[in-house]
Amino acid sequence: MDSNLILECFAGTLHTDPVLRNQAESKLKELSLTPGFLGACLDIIDNSSSPIQAKKAAAVYFKNRVVKYWSLKDSNFKIDHDEKPIIKERILPVIINCDYNIKQQLIPVLRLLIALEFDTWTGLLDQTGQLLQLDNLEDYLYTGMLCFAEIARKYKWMDNHDRKTQLYPIINQAFPHLLNVGNFIINNEMTELRAEILKLILKLYKFVTYYDLPEPLRSREAIFTWGEFHGAVINMKPPAYVVNSTALEQEKLFLQIAKCYKWAIANIYRLFIRYATSNNLTKKFVYKDFHELFLNEFIPHFITQFLTIIEEFCQGKRWLSTTSIYQLLEFLSHCIVEKSTWSLIKPYFETLITHLVYPIICPDDASLEIFDEDPQEYINLHFDQTSEYNSPENAALGFIETALYKKTKSTLPPVSNFVYQQLSELQQQPQETLEVAKKKEGLLRILGTISGRIPKDETVEPILAALVLPCLTSKFEFLQARAINVVSEFSEVPFANQETLSAIIHGVLRNFDNSDASLPVLFESALSIQAFMVMDEFKLVLSNVILPTMTKLLDLSNEIDSDAISVVMQDCVENFSEQLQPFGVDLMSKLVQQFMKLAHEINEASQVDVDDFDGNFDDQGDKVMAALGFINTMITVLLSFENSREICIKLEEIFSEVIVYVLRNNLDDFLAEIGELMENSTFLLRSISPIMWENFKLLYASFEQDTALMYFEELLPCLKNFLIYGKDELKGNPQLTELFYKIFLLVSEGASEDVGYSDLVQSFEYAQTFILSLEEQSNKYIPSFIECVAAHYQSGDKKVIKSAFVVNSNNVIIASLIYDTTNVIALLQQSGHLMPFLNKWLEIMPTLERVYDLKLSTLACINIIKLDLDQQILTNISKSLVTLLRKLPLAVQTLEKKRKDYGELSGVDNYQLEGEWDDEETTDVLGGGGDGDDEEEEVEQGFVNAEDLNLRKSGGFFDIKEDEVYEDPLASTPLDTINIFLVAKQFIQDFQANSAEKFNLAFGHLSEEEQKVLIDIMNV
């Protein structure tokens, strides 16, 4: 192919005239399908006379085409088979000759080719080895190292068994040479290119040790030679081009030398947590000799080295990048976990807190610039507990949290004393300067971190009053925000001083009401409103301003994509439902408006074609969470009007816009919440409105498109409500009934014993509701339900008798017996399942506890007893019926009590999770009485051993009790309206009057106690 023609096209794509540019792009697309095109691109890239901009354009086009289409076999865009060997042969020489920036464009191509073609790429290893020779030019060495790193990457996720044949010879032959190259670079003048070569050596080591530790690198010699190499990298003095640079710290992170320090520390840390931790989750990668050598001889040297480096950094004598500091703190945190390493750093713990952790946590000028220019990002960085930013601040806070969790008695007193002393000193300063405010913010952030370990008693109040509350009125808003955040952590303290209590209440609400307040202050004030809502005094004041507060919360939720604000709104609605009821319709309208705004943005972002994706991706996670929060608040608002049917109907009309948009656009992130919204609305109305029937049709379409299938369990309560409260409409509309039946088919056909077990159980529950709601009109579908159950019935033999699978699979047959008794018995007999079913049913009935199960089996027993049965079966069924009737009164009473008591747990302020300390134990922890590290270790080890035993007993992460059926006090069933005692009484009367002889056969054998059950029923 004529490379000059292609060169002209690439030059044309850079033209300012859009017409000429479009013509060039169209021509390029046409030429790219011609064999030889990619080779011509390499010619352009490799030709020194080609214009640099055209080279870059050719490199980008070449990369995109190879990465997208190399693996495609059936496509018009597939790469010519005969051209592939040419590309593999030429890629390395071209990378050597091109400049650094173009090299970076071609690295993804090299990575892909090695990942896909390595096993058949003859000569690649030899070619790489030749490039790695020390006497080569650095461009050759760099290219060879790039290639070798990609080869090593191929083995990153393989265990030794799968890779040793190929990898071990490579390690034995090449890794000693890598050490020579690395040590040569360390001992000579550093440049960024050499630093990148050094970084690649470190990443090579990372790749081959990341998932499993190769045997050649487990020998004593290999451990210490590679350890010394990593130590030498860490000990390197930062080169002058870094020390003398005026670049910002954030810019220095991109320097290759900064990455060398980072990866050297990260590799040691990875070896530590992966292969030298006492309580590994898996025994597969436990190498005892390495473990002992690493902990006893290797790691102590690194701890000493790291502490020296940290000391130099704290004294301003050494530069460390923020990524290196992060890795060092992560390493030190793990040293706390291990008993042998804790003893080495324990003497330095207070020094580390004072001179390393505290200064890192204090906000710097860059953070405060973010506070002013991007307050949303500041909130994410400094207040979001779930943030995953690998920042030094998060690592420093993690260091404190790990210390408090693992070594409470040793670490809580010095940390809390440090915070108290420092805040006291700063409070004495005559003027609150910016530097003083920064230090206070850092100390308050530490206080917030340790707040969970501090007793919430009267001793805390004077400390908060003297040292924290004054910050609520600071002239520095970043300090105000932090003070509000910390105060809310102590919302459970029983404040005795009314002045302190008033300062908190009015401090929080005043900051929230301040129209000029910054976003972080407003955000933290909003969260504090939620925290203090447990306090009667706070609720009383808030009740007077609840309407403007809700308005402001809605406005705030429009400014910040956070579900936390929605949770605050939900709590407000729950606590002030009476005050907010007159504004419920308006509130729902605003929530729908807020949701729709986010939903449109989320939907538009999801429409990006994968081929048009350029990497500039705006993560929609925060928006999704915020939108979910709006739906949950809609549900809370709806439930607050449970006693007003007219308003519920109006609210349903308003929020249906949300349901329609989600279902029409397949926004599956919201399907579960949409199902809950529909479930609650149909439950409150106890009927299905025309609007909701239209919504159901959209939901059915989502099932047909497979989207809703993934959320069947979450959507089941909603679907059951449609069946229960819409049964009259369904009985008169066969086409609508067919849609509900098809949902069962869609779910059950995709489920089996091994795949979709949960969906199978849920589909059986759905089938019962279908039968019981449609009654005799379900008879045409019953054979299909029975067939599905029969196909999986043997699976029940492997399950516990009270498991959801056993109970629900039998319940489908039991429900069918109520409305089509004779045909169901015949079906079971024909398939050979009649006796297995009867035996299983008789075994299950004495264990039933749920009112629904007891009612269901009672109705089925009544119908079966009417048939002509074998005497033994008749006797067994009648005895079971009496057992059910005896259990029912207590079961009904228990269910009613559950319904009455439901929700009380959420109103309990002081409940204790299993395993949490009570106040006395916490005070003992704070009060000293020895280090207690050994005791802590024993407790932790005992817990791990106990959990390990439980796992081995159960065969994995599975709790048998979790699979048992349970009674949801708020769930609706088709049997709720049936008075089972009146039904049983009527049956006994009719049976005795019309079939006296058979009645005696069925019930004549009963004991005196069993006969009393029937007498009690007759007296209902």
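Guide: Start with contacts, meaning heavy atoms within 4.5 Å. Among contacts in the chain with a separation of 6 or more, 76% join residues 24 or more positions apart. This is a predicted model, where local features need pLDDT of at least 70, side-chain atom pairs count only at pLDDT 80 or more, and totals for chains, interfaces and linings use all residues. Residues are numbered from 1 along each chain as its sequence is written, and side-chain values use heavy atoms, with hydrogens and water left out.

The chain has 52 helices and 0 strands. Both are DSSP runs, numbered from the N terminus: helices are H or I with at least four residues, strands are E with at least two. The C-alpha atoms fill a box of roughly 110 × 80 × 65 Å along the principal axes. Of the 1020 residues, 51% are buried. Buried means under 20% relative accessible area, exposed means over 50%, and partly exposed lies in between, with a 1.4 Å probe and protein chains only.

Now the close look. Take helix α19, residues 365-373. Which of its residues are buried? They are S367, L368 and F371. These three cover an arc of only 95° around the axis, so they sit on the same side of α19. The arc is that of the directions from the helix axis to the C-beta atoms. There is a general rule behind such patterns. An α-helix has 3.6 residues a turn, so residues three or four places apart point the same way.

Turn to the other side of α19. There, D365, D372 and E373 are exposed. What covers the buried residues? The cover includes α20 (375-382), α21 (392-406) and α23 (434-450). It also includes α25 (477-488) and α27 (519-531).

F764 lies in helix α40. F764 counts as buried because its relative accessibility is 1%. Leaving out residues up to four places away in sequence, F764 touches C788, V789, F805, N808, S809 and V812. Its neighbour C788 is also buried, at 12% relative accessibility.

Follow α40 (757-774) to the loop between it and α41 (782-792), where E775 is placed. E775 has a positive phi of about 55°, although it is not a glycine. Most residues other than glycine have a negative phi. E775 is partly exposed, with a relative accessible area of 23%. R686 is another case: its phi is near 55°, a positive value in a residue other than glycine. R686 is in the loop between α35 (671-685) and α36 (690-704). At 45% relative accessibility, R686 is partly exposed.

What about cysteines? A disulfide is a covalent bond between the sulfur atoms of two cysteines. Here it is counted as a pair of cysteine sulfur atoms within 2.5 Å. The structure holds 0 disulfides. Take C41 as one example: its closest cysteine sulfur, in C9, is 10 Å away, so it is too far for a bond. C41 itself is buried, at 0% relative accessibility.

Last, the charges. The mean positions of the 86 positive and 150 negative charges are 4 Å apart. Lys and Arg count as positive, Asp and Glu as negative; His and the chain ends are not counted. Each charge is placed at NZ of Lys, CZ of Arg, CG of Asp or CD of Glu.
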